[in-house]
Amino acid sequence: MTLALDEPQSAVDTLIPKKARRGSGGRPSQEEALRRDARLIEIAAAMFMERGFDATTVDAVAEAASVGKATLYARHRDKAALFAAVVQRQIDRWLSVSAMEVPGPDERIEDVLAEMGRRMVAAILVPEAIAINRIVTAQAIRFPELAHRAHREAWQRSNASIATVLDHFVADGQIAVEDSEMAADLFLSLVVGRLSRLAMLGIAIDPGQVDRRVEAAVAVFLHGVARRP
């Protein structure tokens, strides 16, 4: 008896439901159009991750997403614009993780910073985040505005969010900081800098060491901003 073996699926194949191969006919509603565009970006992200920037083509993305090339180009003028949309999705996810509400009156700064640090580290170690960051870095000379946008929208906005938290604790008398934005930048570097670099280089990170590193980073940071008599 001969067994028929299924061909292995790529990450892109798993994102394409069979019904997506059939045209739906008629003009989609606004909700459906938004859903299709989100699906398009999801498939494009998977292809960029799997093939890299240069080997990914707009035609291949359109075919995989079952959308016409004219429709895709109407939304994203070229491959760089499509990749920029993928990067923006990753930035939005990062900001949703790094955004923090103003702490309550009874919260301790060490607890707030540790929780913030753990959330940010978890976000940067997601495979998609690592892959997209690698591509942005590799294409930074070719597309400098995209690299600047990623830095401005992700790092600097996270910086501002952390600075707001630090300002709260300065006013509360728990720490002494003259420049909260610089302090926030240093905190980010302490928490995610080395781990992000290891992830970008493909060097294995021991999950058991992540919490210890975050706690150590918070301790070092708080020692530097502690109020002095």
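Predicted model: local features only at pLDDT ≥ 70, side-chain atom pairs only at ≥ 80, totals over all residues.

Me: Where does Ser66 sit, and what is its phi near?

Reply: Ser66 is in the loop between α2 (58-65) and α3 (69-75). Helices here are DSSP runs of H or I with at least four residues, strands are runs of E with at least two, and both are numbered from the N terminus. Ser66 is a residue other than glycine with a positive phi, near 60 degrees.

Me: Which feature does UniProt place at residues 57-76?

Reply: UniProt positions follow the numbering used here, feature names are shortened, and annotations may be inferred rather than shown by experiment. Over residues 57-76 the chain is 75% helix and 0% strand, with the end C-alpha atoms 13 Å apart. The name in the unreviewed UniProt entry is "DNA-binding region".

Me: How far apart are the C-alpha atoms of Asp59 and Lys79?

Reply: Asp59 lies in helix α2 and counts as partly exposed, at 41% relative accessibility. Along the chain, Asp59 and Lys79 are 20 residues apart, and their C-alpha atoms are separated by 9.7 Å.

Me: And how far apart in space are Glu50 and Ala131?

Reply: Glu50 belongs to helix α1 (residues 30-51) and is partly exposed, with a relative accessible area of 40%. In sequence, Glu50 and Ala131 are 81 residues apart, while in space, C-alpha to C-alpha, the distance is 8.7 Å.

Me: How many helices and strands does the chain have?

Reply: From the N terminus on, the elements run α-α-α-α-α-α-α-α-α. The count for the chain is 9 helices and 0 strands.

Me: What share of the chain's contacts with a separation of 6 or more joins residues 24 or more positions apart?

Reply: A contact means heavy atoms within 4.5 Å. Of the 229 residues in the chain, 38% count as buried. For contacts with a separation of 6 or more, the share from residues 24 or more positions apart is 74%.

Me: Which residues does Asn159 touch, not counting those up to four places away in sequence?

Reply: Asn159 is in helix α7. With a relative accessible area of 10%, Asn159 is buried. Leaving out residues up to four places away in sequence, its partners are Glu181, Ala184, Asp185 and Leu188.

Me: Which element gives the largest share of the lining of the largest pocket?

Reply: On a 1 Å grid over the protein atoms alone, a pocket is an open set of points where a 1.4 Å probe fits, with protein on both sides within 12 Å along at least five of seven lines; lining residues have an atom within 4 Å of a point. The largest pocket is lined by 25 residues, and Asn133, Ala150, Ala154, Trp155 and Ser196 lie nearest its centre. Elements giving two or more residues to this lining are α4 (79-98), α5 (109-124), α6 (127-138), α7 (144-171) and α8 (180-200). The largest share, 6 residues, comes from α4.

Definitions and conventions
Residues numbered from 1 in each chain as written. Heavy atoms only, no water. Buried < 20%, exposed > 50% of the residue type's maximum accessible area, 1.4 Å probe, protein only.
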